[in-house]
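Look over the sequence and the model before reading on.

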Amino acid sequence: MSPVVRRRAYIAFAAVCLIWGTTYLAIKIALETIPPMAMGGIRYTTAGVVLALALWMRGTPLPPRSSWPSLAFIGFFMLGLGNGGVTYGEQFVPSGLAAVLIATSPFWMTGIESLWPGGERLRLRQIVGLIVGFGGILVLVWPDLLASADAGSRFGAGVLALQLACVGWAIGSTYAKRFTHSTDVLASAALQMVFGGAWMLLFATVAGEWPRLAFNGKTTLALAYLTVAGSIAAYTAYAYALKHLPVSTVSLYTYVNPVIAVALGTLLLGEPFGARMLVAAAIIALGILIVSVRQSGQVVGKDAVIVDPVPVRRAS
């Protein structure tokens, strides 16, 4: 790899860490006037269409129609349930805390993979890591759940939505690894975003969100940032970094995102941050480290779109 390509790859990696770390704050701001499913639907449908048009102008063909059902399936779980769970959960959970909880995705990836036919079985080390990580989650959320019945129920719903988001991401990612195609990665990403956005628009309609949809200057800018930076620019950077850097390096963004999200939430939104949250985050990080060590090919995260079903270890 030439020095220029390597430098660009690390710049792309830094962009992924920064942008996806800031999307939690942007989601929190957009939620002030935009309901969660409507937000995700508008965001991903727009991003998918724009990316598809850009690829079409470049002469890159979209995936064949025979692959659309599989891409719709991935879009449902990774974006509809995955990102939808994040936007719903952030209604009741601080943005920094949401980022920490989403960082538990490797736990769910490991568990879902072990249950999938032909998947890798759990080893003792991974079981220990799962126990440690979920212990950190309990340290993080249990006092708030017990604080009061009313606050606890809303907070508990947010925590549950965030963990369901991790489950959806894990199911979609595990399926994507086994779905074979030969089209351009970004072309597949474009259709996944279109399908995922369509699912979320459907969810918004069923939930009756449209009468509550409103825009002001701040929430419009937040939604535009999520669409352009969070969905289009960051994923392009992610794909470039994954192509030129080791997976073990690129996967570090899952550790950096919560740090940025917590810092922004504390500084800009005045979200609470105390010693318990710091200790819990450290326990969760230890659990992730135990689970992930020597386990390549599973790059996970809230805002990425894993579109290449071939195990991504080939990218290194």
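Rings of Phe, Tyr and Trp (its six-membered ring) pair if their centres lie within 6.5 Å; planes under 30 degrees apart count as stacked, over 60 as edge-to-face and the rest as tilted. This is a predicted model, in which local features need pLDDT of at least 70 and side-chain atom pairs count only at pLDDT 80 or more, while totals for chains, interfaces and linings use all residues. Residues are numbered from 1 along each chain as its sequence is written, and side-chain values use heavy atoms, with hydrogens and water left out.

**Aromatic rings**

The structure holds 10 aromatic pairs. F73 and F77 form a tilted pair, because their ring centres are 4.8 Å apart and their planes meet at 50°. Both residues belong to helix 3 (residues 68-89) and sit 4 residues apart, about one turn of the helix. Helices here are DSSP runs (H or I, at least four residues), numbered from the N terminus.

Y235 and Y238 make another tilted pair, with 5.8 Å from centre to centre and 40° between the planes. They are 3 residues apart in helix 9 (residues 217-244), so about one helical turn separates them.

Which residues do ring pairs link into a cluster? They are F73, F76, F77, Y175, W199 and F203.

The table gives relative accessible areas for the two pairs. Buried means under 20%, exposed over 50%, and partly exposed in between (1.4 Å probe, protein chains only).

| Residue | Relative accessible area | Class |
|---|---|---|
| F73 | 31% | partly exposed |
| F77 | 16% | buried |
| Y235 | 3% | buried |
| Y238 | 3% | buried |

**Helix 1**

Helix 1 (residues 3-30) has 28 residues. The expected span of a helix is 1.5 Å times one less than its number of residues. For helix 1 that gives 40 Å, and its end C-alpha atoms are 40 Å apart, so the two agree. Helix 1 also bends by about 30° at T23. The bend is the angle between axes fitted to the seven residues ending there and the seven starting there.

**Nonpolar cores**

A nonpolar core is a set of buried Ala, Val, Leu, Ile, Met, Phe, Trp, Tyr and Cys residues joined through side-chain atoms within 4.5 Å. The largest one has 34 residues. Y24, M39, V86, V93, I102 and L162 have the most contacts inside it. Helices that each supply at least two of its residues include helix 1, helix 9 and helix 12 (275-292). A second, separate core of 33 residues includes M37, A38, M193 and Y238.
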